[in-house]
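Please read it with the sequence and the model at hand.

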Amino acid sequence: MRWSQTFIPTLKETPAEAEILSHRLLLRAGLIRKLAGGLYTFLPMGLRALHKVETIVREEMDRAGALEILMPALQPPEIWKASGRYETAKDVLFKARDKTRREWVLGPTHEEVVTQLVSGEINSYRQLPINLYHIQTKFRDEIRPRFGLMRAREFIMKDAYSFDVTEESAVESYQKMYEAYVRIFRRCGLDALPVEADSGVMGGNHSHEFMVPAEVGENDIVYNADKSYAANVDKAVSALKSPHSPGDAATLPAVERFPTPGVRTIEELTKPPWNVPARQQIKSLLYRVASRLVLLLLTGADRLNEAKLAGVLGTAEFRPAEPEEIRETLEADPGSLGGVGVDQLEIIADHLLKNGQGLTTGANENDWHVRNVCIERDIKVTRWEDLRTVGAGEPCPVTGTPLEMRPAIEVGHIFKLGTKYSESLNAFILNDQGQQQPAIMGCYGIGVTRTLQAIIEQNHDEQGIRWPVSVAPFTVCITALDATPRCPSLELAETLYRQLTERQIETILDDRDERPGVKFNDSELVGFPLRLAIGPRSLKRGIVEFKPRDGELREVKPEAVLETVVSWIAERQAAAI
């Protein structure tokens with residue numbers, strides 16, 4: 001490809017819409033252009049890189065035994081109602097009506113579609129296991145699209161769906177996808193960390209996210225130094241133990257009320273004259289769950305993790321109680337609540353409060369608290385659960401070493417779904433005993449467009465993008481510093497361009513009539529892995545400038561350029577496998 005014959009509209013200035021570095025580079029390097037919030041057009045260089053990512057995904061999915069299909073983006077709402085997600089996923093569903101006023105759903109994912117397909121085509125254990133995947137445009141009604149391709153209304157995703165007869169076979173299918181994902185992200189040049197994850201509205205009882213550590217990430221991950229333990233913060237646990245040990249309640253001081261005028265927060269109670277450490281306080285939160293209210297108890301030093309709460313409750317349909325509901329139920333305002341003497345509510349307490357003694361909590365009366373609380377003696381806890389968000393520095397549950405925490409970008413997510421969708425959409429099969437059973441499912445997603453931006457977020461410098469060879473729009477950029485027709489610089493550039501192209505090496509020839517500085521800056525901004533610069537001065541010395549995007553400049557004889565390039569690319573490709 002000749003630069004003069006393609007379309008690479010690079011920008012010197014950063015568009016005001018760009019919020020993070022990778023988004024700025026996507027725009028400045030001429031890879032994408034915004035149509036509207038969360039909607040982008042891919043330009044030639046961006047589309048070439050996107051196709052490279054898709055190719056890697058396809059190769060590894062095929063290698064793992066998955067079969068490619070293509071399912072419709074437009075879906076009937078009836079299948080979403082059958083699965084129950086017409087309501088539970090309603091916040092992200094785009095809906096449309098045809099000329100007969102019939103409603104349709106623009107698919108944000110395809111569990112329902114693929115399960116209906118399998119229910120009509122597969123009926124025997126002899127036809128399983130099977131894993132079907134496609135790469136398709138998805139639509140999600142994001143309230144606030146942001147960060148370019150990271151959170152868009154329209155995006156490209158690879159989603160795969162496995163169907164098995166036995167749990168053992170389902171685990172094997174899951175493991176194949178796990179290993180395929182590790183290979184995919186490594187080949188894309190990404191340092192993606194597999195972490196234990198919460199399944200959310202997808203359902204299922206086992207899942208992993210593949211996370212790319214980045215300061216702009218919207219998720220926090222928790223991990224130990226050697227990465228033997230890693231989890232999304234919504235799933236993470238630690239080895240932090242309750243500081244309390246069981247005591248004889250009969251010998252402990254009785255609960256005592258004391259005035260705390262104006263105190264409404266944990267922090268206020270840690271200050272004089274009260275000086276109660278946060279870990280010795282009980283944080284009391286009243287939540288509405290469907291038609292009932294539930295009282296949640298944590299230490300005052302901890303933060304409720306609502307994703308964990310959803311798993312505890314078995315539903316994501318909950319919210320903090322309104323002030324009126326709180327006053328009507330506990331006769332006090334938030335900040336003065338507690339579980340002492342409460343017997344009309346279900347009380348769920350975090351494990352770190354177990355055996356708690358000498359604790360302080362609200363008295364369910366404004367401006368009053370109670371102390372000397374022994375939680376087993378004074379509060380009727382219904383059940384003990386993990387409700388808290390793990391913090392950095394806590395001991396790892398595997399090694400005991402301090403946990404680290406940092407933001408990350410989710411690029412892939414795999415779920416072991418079980419029978420949630422096969423039961424609701426009638427994907428039943430006859431097992432080897434002649435009995436009908438629902439197929440056991442797994443689903444496996446990769447945000448293809450998000451992966452493209454994550455690669456940039458993790459591979460850049462002050463000059464621009466530094467593409468890994470595997471996903472670069474072109475591997476080599478030949479920069480002719482003198483593009484005058486029939487001049488020696490351009491003639492050698494043309495010869496090298498022809499030789500590299502004949503060797504199946506993707507090469508772009510910068511034949512523009514521009515200043516050398518403009519050409520160098522554009523090459524580094526777009527991020528081609530290797531630049532060959534040819535100009536009058538270098539030709540007089542009998543050399544070609546050989547400059548890897550992430551390495552030092554070398555001087556190579558013209559007759560040695562071809563083999564030097566081939567050898568350099570082979571080394572990079574071998575390192576990525």
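1. Helix α13 is followed by Q504, a residue whose phi is positive, near 65°. The model under discussion is a predicted one.

2. The helix α13 itself spans residues 488-502, that is, 15 residues. From its first C-alpha to its last, α13 reaches 21 Å, close to the 21 Å expected at 1.5 Å a residue.

3. Buried positions in α13 are S489, L490, L492, A493, L496, Y497 and L500. These residues lie on the same side of α13 because they cover an arc of only 160° around the axis. In general, an α-helix has 3.6 residues a turn, so residues three or four places apart point the same way.

4. Which exposed residues does the face of α13 turned away from its buried side carry? They are P488 and E502.

5. The packing partners of the buried residues of α13 include the strands β25 (476-480), β26 (507-510), β27 (530-534) and β28 (544-548). The helices α15 (536-540) and α16 (561-576) are also among these partners.

6. Helix α16 also has a part in the second largest pocket, where it supplies the largest share of the lining, seven residues. This pocket has a volume of about 720 Å³. Its lining comprises 29 residues, of which P468, V469, S470, R572 and Q573 lie nearest the centre. The elements giving two or more residues to this lining are α2 (44-63), α6 (167-187) and α16.

7. By residue class, the lining of the second largest pocket divides into 12 nonpolar, seven polar and 10 charged residues.

Notes:
Residues numbered from 1 in each chain as written. Predicted model: local features only at pLDDT ≥ 70, side-chain atom pairs only at ≥ 80, totals over all residues. Heavy atoms only, no water. Helix = DSSP H or I, 4+ residues; strand = E, 2+ residues; numbered from the N terminus. Expected span 1.5 Å × (residues − 1). Buried < 20%, exposed > 50% of the residue type's maximum accessible area, 1.4 Å probe, protein only. Arc of directions from axis to C-beta. Contact = heavy atoms within 4.5 Å. 1 Å grid on protein atoms, 1.4 Å probe; cavity = no way out; pocket = protein on both sides within 12 Å on 5 of 7 lines; lining within 4 Å. Points joined across faces, edges and corners; volume = space filled by probe spheres on them. Nonpolar A, V, L, I, M, F, W, Y, C, P; charged D, E, K, R; others polar.
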